[in-house]
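Let's take a friendly walk through this model, from the meeting of its chains to its ligand site. Have a look at the structure first, and then read on.

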Amino acid sequence: MKISDLLKLSTDNLRRRKGRTVLTLIGVVIGTCLIVVMISLGIALNQQYEGMLRSYGDLTKIQVYNYTYSGGGNNENAPPVLDDKMLETFKQIPHVIAATPQYQPSNLSAQLYAGKGDRYQTYFNVNGMDPASLEAMGITLVSGGYLSADQTTTSKNKIPVLVGENFGYSFEDTRKSYNSGKRYVYQGQLDANGNPVPPFVDINKDKMILRMSDNAENNPKTREYELVVVGVMKSDYNAGYFTDSGIVMSIADVKKLEQAYQKLTGSKGGNSYMVSSTGGLMREKDNGYNNVYIKVDDVDNVADVEQQIKDLGYKEIQSLSQVREQMQGQVRKQQLTLGGLAAVSLLVAALNIANTMTMAIYERTKEIGVMKVLGCELGKIRGMFLIESGAIGFLGGVVGVVISYVVSFIINNLQTIIMFLGLQNQQNGEMGYDSMGMMGGGMMGGASSIIPWWLVVGAILFATLVGLVSGAVPANKAVKISALEAIRRE
Amino acid sequence: MNPIVRVEHLRKVYRVGKEKVVALNDVSLGILPGEVCCIVGASGSGKSTLLNQLAGLEKPTKGKVYIGQHEISAMTENELAKFRQAHLGFIFQSYNLLPNLTAVENVAMPLMFKGVGRKERTKQAMAQLKRMGLAKRANHKPTEMSGGQQQRVGIARAFVLKPKVIFADEPTGNLDTKTTRQVLYRMLAMAKENGTTFVMVTHEKDLAGCADRVITIQDGNVLSDIVVDEETKAKNRAQMFAGVEENLVPDEPVAAQPDTPDTKKSEEK
Ligand SMILES: Nc1ncnc2c1ncn2[C@@H]1O[C@H](COP(=O)(O)OP(=O)(O)OP(=O)(O)O)[C@@H](O)[C@H]1O
Ligand SMILES: [Mg+2]
């Protein structure tokens, strides 16, 4: 028996029982549609979360702290010292591309000067970072180049630095009184003609002097360094606030300045405070950098790297991927609940198919008997019924997917559609500007229902499979019918 | 000549609840190739049971059934299906045409199971229908045909594969005398033409008279197994088919030559 004949027999049978076939189909259509729409909602939700997270910052960064909440000052529970040696250990962990603190020395105070007669002045605030990590940490440059490892203090008193693109605005004019509006220039300030006011200091041209002092009342001792701007960082809060108006130096240079300051003032370095800004208890003993940033090559490896850092003894570890996992977990839970509901409806559809096929077999018992007596092989009889049930599943799946697209379109364009129907009334006044923007952006800046191609293929395959599986039992029953009894039946 | 259908000590016992019904006790027989064989006997004697065993529709409780070299009583269902496709034909008392197929599609069905293409099998089925005088009815559904016409479609279906053996259980049981004679005439003619062995269960004594061999069953045993001599046979047939030949619906229907009123009446009642 040819496959084409088998197919024709099956489709003829389906067509003959049109009403029942359609009713059975509707069940599958609803089931498929529900599943597809539910999953599409989940996918869209996930994408929105991802987008949201990306706007929060870099997903591949891990922050490691040198203290623990749980142990307090207790030595046994404390993590190992977070020093340069440990940084090297971190860098050895697979998938880690960079590890650096953003070291802000606690025992160093100095001023920066620029302009004639040190007219412009600002407090010296520095971030000591591993030069090799700058690019990996997401710092991008407006001009110039990154610091390089061998490019530390060029001559004795010259220190290479990166500065934020708006660093110039942090200077104030010491000639103006504190009450004068002219003492400061802030970013985005416009003059009378509407042109932006440039900062007092041009970071690309003006010479900047770092001066520290022991603050003695008479004849204070000072030390001076010149900061050489090798690159200007693009302001990007995801990479760190310091990229806007801060200074980045190599760790080595920061430590050198720190030592110089201690020598100058005679103050001992170390842990002058015991409680961290986040409330964690600090240990009295020097435990290295307060925190260290680690960059991982891929989001999927973050959890792995985190585990290895935990294994080193660090308890306080933060990363956005933890948040991401939580979010994903939530989405998954939602998807499971929604998908479960949808699955129940498809289960009902499956029972429906089984019922339809059982009835079909009951009706056609005699026919099956005759076919058997006339030499139709058992496999073909089974095949005939499986094709019928499979076709119901397949057709239902296809129609279900098509309807899902319609539903998805409606969900995604709900606002537009509502507006089109003239149902929206609150925003009528300011329609021109506001709602146009909303139309373009949609909800939360993305579609609420996304149907990728694999969902389409998967749904149709699944529906077909449901058809085949629910047809299997009836088809086997058909095969087992005794030809003789079937023929005798009226 | 070796028998084409051979039965050795066949026994069939049905179990109804706790009771045993011995439908066939101990039957041995042989039917020669090309023979027309009638199985007769009282109601409940076991004729249908015997035929079903011969055709492999049921497994015997004991004993063996051979068709040619093949022991069909030992075959699996799938082997039997193949075997039927190749060698056996069936005619049922209640026609058993598929109600949703046209006459020609019904006749072509065994060919379809065998894997013959649509065009070829329609051609063969058409030819077979023509020989049964049903060319005009080729595209009719069974419900649109009389009993006699349906049985002719059934006969065409049984013969379309040119099988070695055809089994028929009271093929004329639902037809009136006149139609019975016509149908029987065609069956015998076709069997002769193709050299088909024809095994038929019947109640009617005069039908049996036309057979080459008459096997009488009583209470599950063979009461008699008689090869009818040529003379008696010829006489019986002449008597039986007198006037049938003239009244037959022509093989090739011609519009200008309408059926006799008599035939028409019996066919389309
Ligand atoms: N499937 C069955 N289950 C139980 N008993 C059966 C079955 N088929 C037949 N019999 C019994 O076997 C015996 C023979 O039945 P069978 O149908 O062969 O008779 P028959 O000669 O064909 O009769 P008839 O001329 O009325 O058709 C009967 O007593 C019948 O009751
Ligand atoms: Mg009978």
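## Chain contact and ligand site

Between chain A and chain B there are three salt bridges, a salt bridge being a side-chain nitrogen of Lys or Arg within 4 Å of a carboxyl oxygen of Asp or Glu. One of them joins the side chains of A:Glu377 and B:Lys82, at 3.1 Å from N to O. Before going further, please keep in mind that this is a predicted model, in which local features need pLDDT of at least 70, side-chain atom pairs count only at pLDDT 80 or more, and totals for chains, interfaces and linings use all residues. Residues are numbered from 1 along each chain as its sequence is written, chains are lettered from A and ligands numbered from 1 in the order in which they are written, and side-chain values use heavy atoms, with hydrogens and water left out.

Eight residue pairs are in polar contact between chain A and chain B, both residues at pLDDT 80 or more. A polar contact is a pair of N or O atoms within 3.5 Å; within protein, one must be able to donate a hydrogen and the other to accept it, and residues adjacent in sequence count only if both atoms are side-chain atoms. Helices (H or I, at least four residues) and strands (E, at least two) are DSSP runs, numbered from the N terminus.

Now to the ligand. Residues from chains A and B surround ligand 1, so the site is shared between chains. The shell has 15 residues, and the closest are B:Ser43, B:Gly44, B:Lys47, B:Ser48 and B:Thr49; a residue counts as near if one of its heavy atoms lies within 4 Å. H1(B) gives the largest share of the shell, three residues.

Here are some distances to oxygen atoms of ligand 1:

| Residue | Atom in the residue | Distance |
|---|---|---|
| B:Gly46 | backbone N or O | 3.0 Å |
| B:Thr49 | polar side-chain atom | 2.5 Å |
| B:His203 | side-chain N or O | 3.2 Å |

Taken alone, ligand 1 exposes 630 Å², and the protein buries 67% of that; accessible areas come from the Shrake-Rupley method with a 1.4 Å probe, and for residues only the protein chains shown count as cover.
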